[in-house]
Amino acid sequence: MRDGKREIEQMLTFRRGDFIALGIVLLLALGSGLLFFLGTGEKQQITVEICRNGELIDVFPVTQDRRITVEGDYPMTVIVEDEAVWVESSGCPGQDCVHSGRIYTSGQVIVCLPNRVEIRLVGGVPSDVDMVVG
Amino acid sequence: MKTTKTLSLCAVLLALALALSYTERFIPLQLLVPLPGVKLGLANIVTMLALYFLGEKHALALVACRCLLGAVFGGGITGLAFSLTGGTCAVVLMALCKKFLFLSVYGVSVLGAAAHNIGQILAAMALLNSFYVAAYLPMLLIVGVFTGLLTGMIASALFKALIAAKLLPT
């Protein structure tokens, strides 16, 4: 298909057309980012939801300071303090959930895949926005 | 003769892809960007090699075998779901984009990385039964631009060497 020397050369060097690819990906990132973080900041109404295997196991306002132990294959400790949520420790192999750090605005999530646990902050966002992304 | 040669080349590429995806686990990219699923995607270099030099079917078969064997060697079932959906999305999109002659290996690689991320997020949404995982997508896509350019650069250098060694792309 590409026998010509020039065509092979073009195939191997960064070209103007590649900016289209970069643009599309960055636009996608921006678009999906806007969907999730638009209109956040109303802290009063933010709720913490903790899900395991897709089932809601705990819901409470982020203003309540708590220390929760989530049972599962790898038990994890979740801290809620000063309207921020973070995973203090987890028995999971990857530790991504611990490295995720603190979340404090609506729409943010911490996911622990080995545990199939999802901790999310909801509310303070127009309710229809959450469904558009799928 | 031709098929035997291709078969053995595929086997070597499979071993190479597995070795690369294992090795990159030791590169602590997640300390820099602490998100699940963030990785360099070095195995995609091998996928692209198969795509450009052997053809679409070989590339798809290679990815499927890599994911299956990767799961056997330590990814587990959860890992399989993610790598298989991500990998398949990436190969399909790269095979399509390769036909657009205005894209070089760099563009194809970046789009492949993005497709891989989107596939993984879809798998995560299905597995966790939730839309909220998609909140990771923007950051994953942005990281994917950089890792995609890096793997594209390596692929470009590799292809140059292969062509110099009289192996021609299909």
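Q: What share of the contacts in chain B with a separation of 6 or more comes from residues 24 or more positions apart?
A: In this predicted model, residues 24 or more positions apart account for 71% of those contacts, where contact means heavy atoms within 4.5 Å. Because the model is predicted, local features need pLDDT of at least 70 and side-chain atom pairs count only at pLDDT 80 or more, while totals for chains, interfaces and linings use all residues; side-chain values use heavy atoms, without hydrogens and water. Residues are numbered from 1 along each chain as its sequence is written, and chains are lettered from A and ligands numbered from 1 in the order in which they are written.

Q: What makes chain B as compact as a globular protein of its length?
A: Chain B has six helices and zero strands, these being DSSP runs (helices H or I, at least four residues; strands E, at least two) numbered from the N terminus. The radius of gyration of chain B, taken over C-alpha atoms, is 16 Å, close to the 15 Å that the globule rule (2.2 Å times the number of residues to the power 0.38) gives for 170 residues, so chain B is as compact as a globular protein of that length. Its C-alpha trace spans about 50 × 35 × 30 Å along the principal axes.

Q: Why is Leu56(A) called partly exposed?
A: Its relative accessible area is 46%. Buried means under 20%, exposed over 50%, and partly exposed in between (1.4 Å probe, protein chains only), so Leu56(A) is partly exposed. Leu56(A) is found in strand β2 (residues 55-61) of chain A. Beyond its neighbours within four places in sequence, Leu56(A) is in contact with Glu49(A), Ile50(A), Cys51(A) and Arg120(A).

Q: What is the area buried between chain B and chain A?
A: About 3,900 Å² is buried, and carbon and sulfur atoms give 72% of this. Buried area is the accessible area (1.4 Å probe) that two parts lose on being put together, summed over both. In chain B, Leu128(B), Phe131(B) and Tyr132(B) lose the most area to chain A, together 18% of what that side buries.

Q: How many salt bridges does the rule find across the interface of chain B and chain A?
A: The rule finds zero; a salt bridge would need a side-chain nitrogen of Lys or Arg within 4 Å of a carboxyl oxygen of Asp or Glu. The elements giving two or more residues to the side of chain B that touches chain A are α2 (29-32), α4 (56-98), α5 (105-128) and α6 (137-164) of chain B.
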